[in-house]
Amino acid sequence: MSAGALRRWPAEWEPHAATWIGWPHHEPDWPGKFEPIPWVYAEIARVVHRSEPVRVLCSSEDHAEDARAALLAHDVDLERCALHVVPTDRVWLRDSGATGVYGPDGFEWIGWKFNAWAKYENYARDALVPDSIAELTNRPLVWAMRPDGRPLVLEGGGIETDGAGTMLVTEEWLLSDVQVRNPGMTRADYEHAFAEYLGITRTIWLGNGAAGDDTHGHVDDICRFVDGHTITLAYEEDPADDNHESSIDNLRRLELAAKSFPGGLRIVKLPYPRPVIMEGERLPASYANFYIANDVVIVPTFNDRNDRTALNILADLFPGRDVVGIHAVDLVWGLGTLHCLTQQQPG
């Protein structure tokens with residue numbers, strides 16, 4: 001049996017040793033609205049660190065001092081929120097960081113080549129984030145490779161698992177001709193890589209991601225497992241909205257997959273907020289970008305009438321955890337929210 005066959009990528013609701021985030025410092029990610037962003041990150045750390053340790057990458061000593069001040073102002077216990085000086089370009093650790101799996105020799109990190117979503121040129125420091133996290137945790141790092149021997153370009157926001165060998169991805173992200181990550185890679189090539197590095201035996205291919213998502217199709221904005229037999233799907237009821245047709249298509253794909261899913265598959269619709277527009281640009285506002293910590297689920301909210309509906313749905317789906325809304329109207333101007341900026345370290 002190959003080493004890949006022995007790997008298992010645990011679900012997000014399984015125990016964590018820590019949550020990793022990066023301290024915000026790249027002002028162009030939030031043009032004209034950077035000032036409140038560190039306070040949003042401090043609030044995220046405040047909520048999550050009560051559930052599990054938080055580890056924060058700070059791009060410089062000065063940024064570490066800024067982080068320390070903001071965290072203390074939010075009553076964060078720095079003994080449970082460690083700061084590490086690690087240079088970064090941006091702070092979307094879901095995508096630039098590694099993915100934690102259980103391998104043949106215990107816990108290890110799987111590193112993906114990061115190319116800034118095939119969009120930006122400045123990512124050299126972000127590309128080294130997996131090395132830094134592996135060194136800080138003293139655990140092995142295995143770099144994923146393509147069939148031709150080149151590094152496999154992938155981002156953590158594009159993959160989702162039930163922890164038992166099933167993965168969710170979108171065709172828009174990996175198979176469309178927009179922002180091509182791995183030229184020449186086929187559906188079968190990707191599924192082989194998922195099996196080798198994550199232990200995946202079943203891949204459910206959805207269609208398109210959320211409107212306004214500049215990654216072009218990350219699954220964590222539209223569809224998430226909440227337990228081994230329940231999926232929540234961001235679903236837009238309004239026929240005039242850009243998310244409506246893709247919602248219908250993704251629901252049909254899930255319903256088809258459910259027919260052969262071992263033990264059955266329950267699909268729960270999660271509403272979208274009304275479109276969030278800044279400077280004429282549609283932003284990827286979605287309640288599906290929640291993050292599951294050990295004792296709490298943090299959910300992005302948007303001062304929208306559907307905030308309460310989404311929080312209630314998720315509270316019903318996570319009866320053993322507190323479900324806490326985090327104001328994300330300013331945060332989503334950076335084209336991502338809570339799941340995009342966190343990365344769990346399995347326990």
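Mentor: A quick definition before we zoom in: helices (H or I, at least four residues) and strands (E, at least two) are DSSP runs, numbered from the N terminus. Bear in mind that this is a predicted model, where local features need pLDDT of at least 70 and side-chain atom pairs count only at pLDDT 80 or more, while totals for chains, interfaces and linings use all residues. Numbering starts from 1 along each chain as its sequence is written, and side-chain values use heavy atoms, with hydrogens and water left out.

The spot I'd go for is Glu279, in the loop between β13 (277-278) and β14 (281-282). Its phi is near 50 degrees, which is positive in a residue other than glycine. Glu279 counts as exposed, since its relative accessible area is 75% (over 50% is exposed, under 20% buried, and partly exposed lies in between, with a 1.4 Å probe and protein chains only).

Ala118, though, is found in helix α4, and its relative accessible area of 36% makes it partly exposed.

Now for a couple of other loops. Asn122 sits between α4 (116-119) and α5 (129-137), and is partly exposed at 33% relative accessible area. Leaving aside neighbours within four places in sequence, Asn122 is in contact (heavy atoms within 4.5 Å) with His26, Asp89 and Arg90. Asp220 is 61 residues away from Ile159 in sequence, yet their C-alpha atoms are 7.4 Å apart.

Zooming out, the chain has 10 helices and 18 strands. Its radius of gyration is 19 Å, close to the 20 Å that the globule rule gives for 347 residues, so the chain is as compact as a globular protein of that length (the radius is taken over C-alpha atoms, and the rule is 2.2 Å times the number of residues to the power 0.38). Buried residues make up 60% of the 347. Of the contacts between residues at least 6 apart in sequence, 77% join residues at least 24 apart.

Last stop, the pockets. On a 1 Å grid over the protein atoms alone, a pocket is an open set of points where a 1.4 Å probe fits, with protein on both sides within 12 Å along at least five of seven lines; lining residues have an atom within 4 Å of a point. The largest pocket holds about 270 Å³, where volume is the space filled by probe spheres set on the points, joined across faces, edges and corners. It is lined by 20 residues, with Trp92, Tyr120, Asp214, Gly334 and Leu335 nearest its centre. The second largest pocket has about 150 Å³. Its lining comprises 13 residues, and Glu172, Gly209, Ala210, Ala211 and Gly212 are the closest to its centre.
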